[in-house]
Amino acid sequence: MITLRTLTKRFGSTAAVDELTVDIAPGRVTGFLGPNGAGKSTTMRLILGLDRPTAGQALIGGRPYRRLRRPLHEVGALLDARAVHPARSGRAHLSAMAASNGISERRVDEVLATVGLDERAAAKPARAFSLGMGQRLGIAGALLGDPPVLMFDEPVNGLDPDGVRWIRQLARSLAAEGRTVLISSHLMSEMQQTADWLVVLGRGRLIADAPTAQVIADSGVAVRVRSPRPEGLAAVADRLTAAGAVVESAGTDELTVTGTTAERVGELAYELKVPLHELASHEASLERAFMALTADRVEYAARPARTGGASA
Ligand SMILES: Nc1ncnc2c1ncn2[C@@H]1O[C@H](COP(=O)(O)OP(=O)(O)OP(=O)(O)O)[C@@H](O)[C@H]1O
């Protein structure tokens, strides 16, 4: 269990993490989401005692990191896959970690096998590692002490589709063993498949803490609208935005709308005399749910040119 209580970290006038209170429970994969700069990495660093909070607490199994007696056996983390000495081999890196924590060389063999690094790959110097091999080595390091709590920051970064699937299965099996698994990622389709639960941050604040399926269901259906008349479509978009719907434009002839119904869009198009070539409802994806949740909390927003705003 990871427990955050009014956790706050300021850098000058920026609140990177702002009074964050949430529990990350064992036995499930929790996806940690948020736009760039939302505070995910800072939160993970605070949990690991790499930064000191300005206020509040981050606890692992009820204790702050600095009070853990055998940290490697209580929490394992992959934060930066490049944080390995470039001249050191993967095996030497893990052996050094193991030796300084009273862990046997046999466990090094075990974790290398778990992450799929064979003898030859593990003998290479870290500078010769691909990004994917670096991620696997980082995960091997996180698993070394067989900890009940695991945190992976962007673990699928640089992995090929096989590697992505492997991470998904690993995360799910670690959670099924009753461990706490916290994973940050920007790949929404991947998180939709991997995470049972989501914690979503926006500008350092908690904006969702709910089962993945609920976050998606709450965002409702997405309505796709196509018209050969860009001006007419822009007028429909403006009216929908004014009524509180979230409108995204894909080019000048297509909109995706959440927070309304296909019926409402059809009536509006009829009222404004806009011919439609397509009007269809789809179950929302996590990608769309995420955009709706964080629309007004992104640091750098790209606004659709014709609709005059994507937020409601
Ligand atoms: N050492 C630091 N000094 C000053 N500001 C910082 C520092 N670390 C982070 N920040 C700021 O804190 C905020 C949160 O950053 P953080 O890296 O935690 O976000 P993130 O959600 O992990 O983003 P990303 O998805 O881009 O990795 C940002 O505004 C960032 O610029």
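For the residue classes used here, Ala, Val, Leu, Ile, Met, Phe, Trp, Tyr, Cys and Pro count as nonpolar, Asp, Glu, Lys and Arg count as charged, and the others, Gly among them, go down as polar. With that in hand, here's a look at the structure, which is a predicted model.

**The ligand shell**

Sorted by those classes, the shell around the ligand holds seven polar residues, three nonpolar ones and one charged one. The residues that surround the ligand are Phe11, Thr14, Ala16, Gly34, Asn36, Gly37, Ala38, Gly39, Lys40, Ser41 and Thr42. Two elements give two or more residues to this shell: strand S2 (14–24) and helix H1 (40–47). H1 gives the most, with three residues.

**Helix H1**

So what about H1 itself? Six of its eight residues are buried, so the helix is largely enclosed by the rest of the structure. The buried ones are Lys40, Thr42, Thr43, Met44, Leu46 and Ile47. Lys40 and Thr42 turn up in the ligand's surroundings too. Just after H1 comes glycine 49, which takes a positive phi of about 70 degrees.

**The whole chain**

Zooming out, the protein has 12 helices and 13 strands. Its C-alpha trace spans about 75 × 45 × 35 Å along the principal axes. Of its 312 residues, 41% count as buried. If you take contacts between residues at least 6 apart in sequence, 71% of them join residues at least 24 apart.

How many residues of domain 1 are in contact with domain 2? There are 11 on the domain 1 side, and they meet six residues of domain 2.

| Element | Residue range |
|---|---|
| Helix H8 | 188–194 |
| Strand S8 | 197–202 |
| Strand S9 | 205–211 |

H8 has the largest share of that side, at four residues. By class, the side of domain 1 that touches domain 2 has seven nonpolar and four polar residues, with no charged ones.

Notes
Residues numbered from 1 in each chain as written. Predicted model: local features only at pLDDT ≥ 70, side-chain atom pairs only at ≥ 80, totals over all residues. Near = placed C-beta within 6 Å. Buried ≥ 20, exposed ≤ 12 C-beta atoms within 10 Å, placed from the backbone. Contact = placed C-beta atoms within 7 Å.
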